[in-house]
Amino acid sequence: MIKSTSDDLKSLLAYSLREKPGSYIVEEILHRFPTFADLIDVTEQELLSIEGVGKARARQIVATLKLSRFISAPLPSIDTIRSPEDVYRLLEPEFRHLKQEQFVCLFLNTKNGVVAKEVISIGSLNACIVHPREVFRPAIKRSCASIICAHNHPSGNPDPSPEDISLTQRLIESGAIIGIEVLDHIVVGNGTYVSLKERGVI
């Protein structure tokens, strides 16, 4: 697993750029983006503002960081959902470094086996617009028996907002009409989560 310490970041950048760890480019990147969480969302445009970083290098850095994100995330082998914790364990590595809200659905068969996972919407820092049709269209296409929804709170606090609760209720109502049950809605925070089913919303 790639750790997020300064030395690890410096080594990662130096190796990918074929630079010495103490070079100007490496030091300047880490000065502007000191942690892995800061660096993971860096854009080519931001990197191009650093002297000595051209388009090719900027693309190389962005590609390396994306790859390191997947390498550093454990890959849980969860085929069947038995509890909200299973959902959390499955999705937390994906949500860990996101700075925007991302709404994901797990599509399940009659035995709660995971048929597919799909990102439904990517939002802003604190909001994600989701419409029931975007949620249930892929569920119908896959002939799913039920779904579990989940999204992250980049603030780290998983307490559901009034909008989260309202959306969940709309999805439950829509699912009842279509015949696809919404089993739960998990809100993922920093190292923790909230199940709206356990909160009594579902």
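Visitor: In which sense do β1 and β3 pair, and over how many bridges?

Guide: In this predicted model, strand β1, which covers residues 102–108, pairs with strand β3, which covers residues 146–152, in the antiparallel sense over six bridges. To find a spot on that pairing, look for Phe 107, which stands opposite Ile 147 in β3.

Visitor: What sort of sheet do they belong to, and what is the strand order?

Guide: They belong to an open sheet of five strands with mixed pairing, and the order across the sheet is β2-β1-β3-β4-β5. The strands at the edges are β2 (114–122) and β5 (193–195), and because each of them has a single partner strand, one side of each is left without a neighbour in the sheet. From one strand to the next, the twist averages 20 degrees.

Visitor: Okay, and in which sense do β3 and β4 pair?

Guide: β3 and β4 pair in the parallel sense, over seven bridges. One place to look is Ile 148, whose bridge partner in β4 is Asp 184.

Visitor: How many residues of β4 are buried?

Guide: Seven of the eight residues of β4 are buried, so this strand is largely enclosed by the rest of the structure.

Visitor: Which strands does α7 lie across?

Guide: Helix α7, made of residues 132–141, lies across β1, β2, β3 and β4, and it runs at about 30 degrees to β1.

Visitor: And α8, which strands does that one lie across?

Guide: Helix α8, made of residues 162–178, lies across β1, β3 and β4, and its direction is at about 160 degrees to β4.

Visitor: What about α6, how many of its residues are buried?

Guide: Nine of the twelve residues of α6 are buried, so the helix is largely enclosed by the rest of the structure. Among these buried residues are Val 87, Tyr 88, Leu 90, Leu 91 and Phe 95, and the buried residues of α6 pack against β1, β2, β3, β4 and β5.

Visitor: How far does α6 reach from end to end?

Guide: From its first C-alpha to its last, α6 reaches 15 Å, which is close to the 16 Å expected at 1.5 Å a residue.

Visitor: Switching topic, how many salt bridges are there?

Guide: The count comes to eight salt bridges. As background, side chains of opposite charge can pair when their charged atoms come close.

Visitor: Which residue does Glu 94 meet in a salt bridge?

Guide: The side chain of Glu 94 meets that of Lys 117 in a salt bridge, at 2.8 Å from N to O. Glu 94 lies in helix α6 (residues 84–95) and Lys 117 lies in strand β2, so the pair ties together parts that are 23 residues apart in sequence. Lys 117 counts as partly exposed, at 39% relative accessibility.

Visitor: And which residue does Glu 92 form a salt bridge with?

Guide: Glu 92 forms a salt bridge with Arg 96, where the closest N and O atoms are 2.8 Å apart. Glu 92 counts as buried at 15% relative accessibility, whereas Arg 96 counts as partly exposed at 34%.

Visitor: Where is His 153, then?

Guide: His 153 is in the loop between β3 and α8, and at 11% relative accessibility this residue counts as buried. The side chains of His 153 and His 151 are joined by a polar contact of 3.1 Å. Beyond neighbours within four places in sequence, the residues in contact with His 153 include Glu 101, Asp 164 and Gly 189.

Visitor: Last one: how far apart are Lys 10 and Glu 27?

Guide: Lys 10, which has its place in helix α1 (residues 6–17), is 17 residues from Glu 27 in sequence and 7.8 Å from it in space, C-alpha to C-alpha. Setting aside neighbours within four places in sequence, Lys 10 is in contact with Pro 21, Val 26, Glu 27 and Leu 30.

Note on methods:
Residues are numbered from 1 along each chain as its sequence is written. This is a predicted model: local features need pLDDT of at least 70, side-chain atom pairs count only at pLDDT 80 or more; totals for chains, interfaces and linings use all residues. Side-chain values use heavy atoms; hydrogens and water are left out. Two strands pair if DSSP finds at least two bridges between them. Helices (H or I, at least four residues) and strands (E, at least two) are DSSP runs, numbered from the N terminus. Axes are lines fitted to C-alpha atoms, for helices over the stretch in contact, and angles run from 0 to 180 degrees between N-to-C directions. Contact means heavy atoms within 4.5 Å. A salt bridge is a side-chain nitrogen of Lys or Arg within 4 Å of a carboxyl oxygen of Asp or Glu. Buried means under 20% relative accessible area, exposed over 50%, partly exposed in between (1.4 Å probe, protein chains only). The expected span of a helix is 1.5 Å times one less than its number of residues. A polar contact is a pair of N or O atoms within 3.5 Å; within protein, one must be able to donate a hydrogen and the other to accept it, and residues adjacent in sequence count only if both atoms are side-chain atoms.
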